[in-house]
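Let's walk through a structure together, one question at a time. Have the sequence and the coordinates open as you read.

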Protein chains: 2
Amino acid sequence: MNIILAETGEVDAGRLTLTDHRAKHVVKVLRAEIGDCVRVGLIDGEMGLGTILAIKKKYPFSVEMELDLRDSPRAQPFLDLILALPRPIMLRRILSQVTALGVGTIHLINANRVEKSFWEAGILEQEEYHVHLLHGLEQAVDTRLPSIQIHPEFKPFMEDLFPTIAENYQHLLLAHPTGGQRLGDVIDSRNGRITLAVGPEGGWVDYEVKKFQEQGFCNCSIGERILKVDTAVIALHARISALREVVREVK
Amino acid sequence: MNIILAETGEVDAGRLTLTDHRAKHVVKVLRAEIGDCVRVGLIDGEMGLGTILAIKKKYPFSVEMELDLRDSPRAQPFLDLILALPRPIMLRRILSQVTALGVGTIHLINANRVEKSFWEAGILEQEEYHVHLLHGLEQAVDTRLPSIQIHPEFKPFMEDLFPTIAENYQHLLLAHPTGGQRLGDVIDSRNGRITLAVGPEGGWVDYEVKKFQEQGFCNCSIGERILKVDTAVIALHARISALREVVREVK
């Protein structure tokens, strides 16, 4: 936990009182004392410091602090994800890892090779996935909560919803091992938003690839090595980030 | 398992007989029949196809195949890792993920912020970590097993061992959040080998940074977001790979 996150509604007259795992973290991990400053942020809001006014170091822990939140939230991430619903245990890790890397919206969609049982997983409940998103923000020192959109049907998402948001993006990238362009040949600007679509274990089927292409997606590959979805998502995010940073020098 | 891996010693007159989890995989997942071809490779050797000559589809499973291994092993990965020993559960995942991405040698070293108990973990036994390396190769369709080198003392590794191998590398990169250069300003060639050193949770201490710098390591950062070690290793590997692929166009 590299930043303590709170909801705006928890703040009262510039003061924040914690009595849950965050209080325990301040006591046990940060070992803070009265007068110390700790990094605090409001979810979807400003970041800054909290000066500790009172602290109870034995169970039940509590910490009261005065907030001074002068730092703007981080910039809106440039990347949104479309993810064929992964196995629940993998989804948990992906949610916190991509939140740490920075992501705007994550669309979880159906695909031919998504196992039906994955749609019954508890992680699709808001109160469950929220925890993993918070872990990612707390890790990366960010306050901007990604939006999770769940689409249990492929076709309505691709045909009805996606066309209404497609124009928000400069690049529509489909991770697909065959017939693709290299990412380095596609990323040609430091600006504009990107949607990256990553398939299930076993990949997209031809029909799905066709539907993405009809919406203007470009097949991209990161080489011959076949990666698990959790590795691929991070590797693609990182590669796209690196390429955007050097593109000024390329052009 | 995108390739079935075998030791050279398992092959007899061009034939391979499997009776373990690999036989079960051929029967249950690949659902192969006599005459079908499956992807096979020899550890640290060639890759190719195995034609199924005989198959027993009920427990105990067995599969006999004739091998035709005409494909050279993949190229030697350009990247070696120096990793402050991570928490065992994280190390398992890192080993298979970086093996899937491609890595030559992984040096596991001590650092000030490595918990002492991590050095007692079973994953440091060859028979335990070998399994996770194989998972990575089986995932990525590779046969080249990374070398694992374990160095429980920081100073002898940095002062005595590393200088003897330093000249093998074109770039020595130290992942460190502060005072670093951007990776894009450092990676200036598609050729040559790279060593990347990634610290423990909480980072390298000043003494360690100084020791790396004395050996010619260059501090590199991937931005302000603080990442967990498992996310950081993959993201750094991917960023370096992407930058090497575009560097021809930059120069």
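The questions below go from ground rules to domains, then to the chain pair and some backbone details.

This is a predicted model, in which local features need pLDDT of at least 70 and side-chain atom pairs count only at pLDDT 80 or more, while totals for chains, interfaces and linings use all residues. Residues are numbered from 1 along each chain as its sequence is written, chains are lettered from A and ligands numbered from 1 in the order in which they are written, and side-chain values use heavy atoms, with hydrogens and water left out.

Q: What separates the centres of domain 1 and domain 2 of chain A?
A: Chain A is divided into domain 1 (4-71) and domain 2 (79-250), with bounds that come from an automatic or database domain assignment. Taken over C-alpha atoms, the distance between the two centres is 34 Å.

Q: How many residue pairs are in polar contact across the interface of domain 1 and domain 2 of chain A?
A: The two domains of chain A bury about 720 Å² between them, 65% of it on carbon and sulfur atoms; buried area is the accessible area (1.4 Å probe) that two parts lose on being put together, summed over both. The count of salt bridges here is 0, a salt bridge being a side-chain nitrogen of Lys or Arg within 4 Å of a carboxyl oxygen of Asp or Glu. A polar contact is a pair of N or O atoms within 3.5 Å; within protein, one must be able to donate a hydrogen and the other to accept it, and residues adjacent in sequence count only if both atoms are side-chain atoms. With both residues at pLDDT 80 or more, the number of such pairs between the domains is 3.

Q: Which three residues supply 22% of the area that chain A buries against chain B?
A: In this pair, 35 residues of chain A are in contact (heavy atoms within 4.5 Å) with 35 residues of chain B. The chains bury about 3,100 Å² between them, and carbon and sulfur atoms give 51% of that. The trio that supplies more than any other three residues is A:Arg225, A:Ile226 and A:Arg239.

Q: Which helix of chain A gives the most residues to the side that touches chain B?
A: Between the chains there are 6 salt bridges, including one where the side chains of A:Arg74 and B:Glu224 meet at 2.9 Å, N to O. There are also 18 residue pairs in polar contact, both residues at pLDDT 80 or more. Helices here are DSSP runs (H or I, at least four residues), as strands are (E, at least two), numbered from the N terminus. With 13 residues, the top contributor is helix 7 of chain A.

Q: Why are the two copies related as by a two-fold rotation axis?
A: Copies are superposed by least squares on the C-alpha atoms of residues with pLDDT of at least 70 in both. Chain A goes onto chain B with an RMSD of 0.0 Å, by a rotation of 180° with 0.0 Å of shift along its axis. The copies are therefore related as by a two-fold rotation axis.

Q: Where in chain A is A:Pro60?
A: The peptide bond from A:Tyr59 to A:Pro60 is cis, with omega near -5°. A:Pro60 has its place in the loop between strand 5 (47-56) and strand 6 (62-71).
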